[in-house]
Number of protein chains: 2
Amino acid sequence: MTDGTMRWAGRGTEPEAVERFYAVIPAGGIGSRLWPLSRADAPKFLHDLTGSGQTLLRGTWDRLAPIAGPDRVMVVTGRAHRAAVEQQLPQLADRNVVLESEPKDSSAAIGLAAAILERREPGVIIGSFAADHVINDVRRFRRAIVEAISVADAGYIATIGIVPTEPAIGFGYIEAGERLEVPGAPSALAVTRFVEKPDLETARQYVDSGRHVWNAGMFISRADVLLDEMAKTKPDLVAGLRRLAEAWDTPERGAVVDQVWPGLEKIAIDYSVAEPAAAEGRLAVIEGDFSWDDVGDFASIAKMQSGGRTSDLAILGEHARVLADSSSGVVVTDRDRLITLIGVENIVVVDTEDALLVTTSEHAQRVKSVVDALKISGRTDVL
Amino acid sequence: MTDGTMRWAGRGTEPEAVERFYAVIPAGGIGSRLWPLSRADAPKFLHDLTGSGQTLLRGTWDRLAPIAGPDRVMVVTGRAHRAAVEQQLPQLADRNVVLESEPKDSSAAIGLAAAILERREPGVIIGSFAADHVINDVRRFRRAIVEAISVADAGYIATIGIVPTEPAIGFGYIEAGERLEVPGAPSALAVTRFVEKPDLETARQYVDSGRHVWNAGMFISRADVLLDEMAKTKPDLVAGLRRLAEAWDTPERGAVVDQVWPGLEKIAIDYSVAEPAAAEGRLAVIEGDFSWDDVGDFASIAKMQSGGRTSDLAILGEHARVLADSSSGVVVTDRDRLITLIGVENIVVVDTEDALLVTTSEHAQRVKSVVDALKISGRTDVL
C-alpha cells in the first residue's frame, strides 16, 4: 500500500471529487479483435470482459464518477448505443450524453466534449478515458489523475503512461524526458515522443530503458488548451466543433449537427494533438503504477483472467458450462450450452448465437483480419 | 482394377443377388467417441459422417441390398430408433425389422437374427455387418463376401480382414494362418487368433508380418453353425435366443420377449463366438483389399475426408459455414452458424445445438472419457 492509500483509508471516508474536473468517456469502436463477441450492435464497451459481472463501460464509470463527481462525467457515443449506455449508467445526466450521428474518430469525439464543456464552464479541466479499458487499482489511478490535473492546470496536456510489466507489442509507448517542476505533480515528466506498437526486440529495449511507458490513451488538460492545440493542426475541424458547441445547448443543435457533423475530419487525437504537442514540449506524462489493459484481443482476456499464468483456462460468461480436460486458454460465451475442451492449449473459443471462433492466444490479433474478410465478402449479418 | 471387377463391368449389368444369403445389420451403439454429434437419440449410424449426403446406415444398406437382395436384409435395432431406421430404409421389409427392448450387445443381436432366420429358412447363410462402418469399393467388398459365403457353405465361420494400410492402433487385428482349400474361396485363410487393439510398436510388427489384417467385425456363416458355436460357450444365451425365435413370428412374441430378453447375457460376439471358434480352427478369414473404416472417432473422419493428408480442413455438415485461415483438421456441424478457425492445426470442432466440442486429432479418442464423465456427473441432457 502507498502513503496516499493509507491516508485515505485512515480517514475512513471516500475521497471527495476533484474540483474543476470533468471526465469524458468516448464510447465508440466496435473492438474488431474481439469478434464475434463484439459486434456493431454490441461493441466491446458493453461487454463484461473481466468476469466482474459488469460491463467495461460501467467499470469505467465506477472509476471516474468518484473523481469527477457523478454529474461531471460526459459520455460521447453513437446514437445506436444511447439506450444501452443509459441503461448501464443510470446516474448519467441527460446533458452529459453526447450522441454522434456517425463515427468521426477520437479528435471529433473528445474535441466536441471539450468545446461543449468549455462553453458551459470556462477553464474546465477535462480528462478523456476510453470506455473499454481495465484498471484494477482505482486508488493509484486516482492519484495519477490528481497529479495530471495539477499538470493540466499549469497549461500542459497531461497523459498517464503505464509502467510496463513486460515488453508488450500490442501497445504504443511514450518516451519520457526531463522532470517537470509542477507543484502537486512530483512525478510529471516531459514527453519526448510517442512511438507506435513496436516489434518485440524494440519493446524489450523500451522496457530496459526505463524511459518508456505504455500509452493508455488518457489525456487530461484544460479544454481550451486541448482545442487550441488541435486548432494548430486541424483548424477546420476545431472550427466545426466550436460551431457545434455554440449550438449544442440551444434549439439549433439538430440543424447544426446535420450541417456540420458529416464534414468533420476523421482523425485520432494522437495525431491531431498528442504527437504535435509532444514535439512542442506541451505534453506531460504521469507514470501510472497500476495495472491497466486495453483488452485488445482474446489473448489479453486470457492473460488478465489467469493473472499472467498460461496454464489456466479462463472462462467468461454468466451462463457458461465448460468441461475441460488438459486444456488452457480462454472460453468466452454468452450461451449456456456445454463447451467441452480436450487437450487444447492456449486455445481461444468464443461462442455466440450465430458465430463461433476457435483460435489460439498466439493468433488472437488476427481476428481483425477475419472481420475484414467478412466485410469484404458481404457477410455482414454476423458483424 | 481386378479381374473380377473387370468381368462385372464387362457384362454391363449389376451383379445379381447371391443365393441363400441374408444380410444382418445390427444397428446399435451410440458411438461415444463421436459425441456430441452421436447421442443416445441420434446414434452414429444415423449420421452422415462421410459427406456423401447419406447416413452410414443407408450406406450400409446400399452395399448389402444388391448382394443379398433388398428383401433379404435384416436390421436389429433399438425400439427408439425404429422410425429413423424405417425412414432411412424405406425398402426394409417389416418382418426384417428386429427391435430390441434394451441393448444386449452383439451376441444377442446377431444370435437372435440367426435364430429367426434359421427357423424361417433352414440352412440360410447370414452375414453380419455393422451399421456404421464405411467402405468405399463396393465391388471388391462384394467379391470378398462371395468368397466368404463359399467358406461359410463349407461349415466355417468366415470373417473379412482388411489389409492394413498403416499400423493403426484403433483397430483389433486378426492373425491369419494356413490357406484353406475351399472351392470358390481362393484367398481364404485359417484364423490363428484375434488380437486386441495393439500399441504402435506392436501394430508396426503386425503390418510388417504380412499375416495380420484388421478385424472389421464382419461374420459370415450358416446361421445354425453360428448358433452351435455360440452354444458351446453360452448355452443359456442361445437357449433364450431359440425360445425368442420360436415365438417371433407368432402372436406370442411380445410375451416371450418380455420374459426372456431381460435375462439375456450381454457379451460381444467376438468373445462368445469368434475367439473360441478361432481356437478350434473353425474360423476363416478372407482378405478384403478395399478401403474400410469404422469411423471410430473424429480423427478418423478427418483422415477419411482428407484422403490421408493432414494439412487439409475437412468440413461435414449440410448447412456448414466455415471460414478458416491457416487451419487443418475437421469441422462437423449440424448447424448453420458461422464457424471461424484461425491458426489451429489438426483441430476437431464439433458444433451441435446444445454442446460444442473442441479437441485435436491426437486427443480424439479421449472423447469417450468425457462422455463417461458427463454420465457420472448426471449431465445426461447432452448425452
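Student: What kind of contact do the side chains of K234(A) and E265(A) make?
Tutor: They meet in a salt bridge, at 3.0 Å from N to O. Keep in mind that this is a predicted model.

Student: Ok, and where do those two sit in the chain?
Tutor: In distant parts of chain A, 31 residues apart. K234(A) is in the loop between α7 and α8, while E265(A) is in the loop between α9 and α10.

Student: Is E265(A) buried or partly exposed?
Tutor: E265(A) is partly exposed, because its relative accessible area is 36% and the class runs between 20% and 50%.

Student: New one: how do R58(A) and D62(A) meet?
Tutor: Their side chains form a salt bridge too, with 3.1 Å from N to O. Both belong to helix α2 of chain A, residues 56-68. They are 4 residues apart there, so about one helical turn separates them. D62(A) has 31% relative accessibility, so it counts as partly exposed.

Student: Switching to chain B, what about D224(B) and R222(B)?
Tutor: That's a salt bridge between side chains, 3.0 Å from N to O. D224(B) is buried, at 19% relative accessible area, and R222(B) is partly exposed, at 25%.

Student: Which residues do shared partners join into one network?
Tutor: D137(A), R140(A), R143(A) and D289(A) are joined that way by salt bridges.

Student: And how many salt bridges are there over all chains?
Tutor: A search of the whole structure finds 52.

Methods:
Residues are numbered from 1 along each chain as its sequence is written. Chains are lettered from A and ligands numbered from 1 in the order in which they are written. This is a predicted model: local features need pLDDT of at least 70, side-chain atom pairs count only at pLDDT 80 or more; totals for chains, interfaces and linings use all residues. Side-chain values use heavy atoms; hydrogens and water are left out. A salt bridge is a side-chain nitrogen of Lys or Arg within 4 Å of a carboxyl oxygen of Asp or Glu. Buried means under 20% relative accessible area, exposed over 50%, partly exposed in between (1.4 Å probe, protein chains only).
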